[in-house]
Amino acid sequence: MTATALTPKRGRPPVHDPATIWTQVLEFIASGDALSTAIKRLGPDAPSYVWAKTQLRTNPTLQAAYREAVEDRADALADDIITLADTPPPPGLDGPGLHAWVSQLKLRVHAREWTASKLRPKVYGASVDVTVQTTSISIVAALAEAERRAFRAVEHDASEPSNPSLESLPSSVDLQNNS
């Protein structure tokens, strides 16, 4: 460890103007950077990540602007995926070099897909249809209906022994509809 790593910065800590800093940070985020990366891009006198998170927790207006920038970030990452997919391999690559280039490109695409799907799951998330259609079957109601049909059939047979007509009886019980 060097002595400079342990030596704190001297002098008054910098005063940060939130309006100026957040304008730049939100632009960086909307362009595809993460919050920590956007803050680092401001330079050595940039505020800390903790400062930024504290500002986000305490300012509802800033929270809304940050959410919009994050949605824009997801869109930028999706655009990057198209650009990466359309990138032709560098000339002269073949064999293991081409394989390594393709693997690196796949990794970059996958990282952007994953991040975009987490930032805007309704737009870029995997579509999984979890529609459930439930039909309640009442065994008690089905047995009562079967018993009524059986009594009707017995009564019908007893009243007209010469003409056994079963047309009035349903051919099957609809267990799907219990109305």
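Modeller: Helices (H or I, at least four residues) and strands (E, at least two) are DSSP runs, numbered from the N terminus. This is a predicted model: local features need pLDDT of at least 70, side-chain atom pairs count only at pLDDT 80 or more, and totals for chains, interfaces and linings use all residues. Residues are numbered from 1 along each chain as its sequence is written, and side-chain values use heavy atoms, with hydrogens and water left out.

Biologist: Among contacts in the protein chain between residues at least 6 apart in sequence, what percentage join residues at least 24 apart?

Modeller: Contact means heavy atoms within 4.5 Å. Among contacts between residues at least 6 apart, the part that joins residues at least 24 apart is 59%.

Biologist: Is α2 roughly parallel or roughly perpendicular to α4?

Modeller: Helix α2 (residues 18-30) and helix α4 (residues 49-58) have axes 12 Å apart and pack at an angle of about 100°. Axes are lines fitted to C-alpha atoms, for helices over the stretch in contact, and angles run from 0 to 180 degrees between N-to-C directions. Angles under 35 degrees count as roughly parallel, over 145 as roughly antiparallel, 65 to 115 as roughly perpendicular and the rest as oblique. The relation of α2 to α4 is therefore roughly perpendicular.

Biologist: Which residues of α4 meet α2?

Modeller: The contact divides into six nonpolar residues, one polar and no charged (Ala, Val, Leu, Ile, Met, Phe, Trp, Tyr, Cys and Pro count as nonpolar, Asp, Glu, Lys and Arg as charged, and the others, Gly among them, as polar). From α2 come Pro18, Ile21 and Trp22, and they meet, in α4, Trp51, Ala52, Gln55 and Leu56.

Biologist: Are the planes of the Trp22 and Trp51 rings stacked or edge-to-face?

Modeller: A search of the whole structure finds one aromatic pair. Rings of Phe, Tyr and Trp (its six-membered ring) pair if their centres lie within 6.5 Å; planes under 30 degrees apart count as stacked, over 60 as edge-to-face and the rest as tilted. For Trp22 and Trp51 the centres are 6.2 Å apart and the planes at 20°, so the pair is stacked.

Biologist: Is Trp22 buried or exposed?

Modeller: Buried means under 20% relative accessible area, exposed over 50%, partly exposed in between (1.4 Å probe, protein chains only). Trp51 has 21% and is partly exposed. Trp22 has a relative accessible area of 5%, so it is buried.

Biologist: How are α2 and α5 oriented to each other?

Modeller: The axes of α2 and helix α5 (residues 60-85) come within 7 Å and cross at roughly 30°. The two helices are therefore roughly parallel.

Biologist: Which residues is Thr115 in contact with, leaving aside its neighbours within four places in sequence?

Modeller: Thr115 lies in helix α6 (residues 96-119) and is buried, with a relative accessible area of 18%. Beyond those neighbours, Thr115 is in contact with Arg73 and Leu77.
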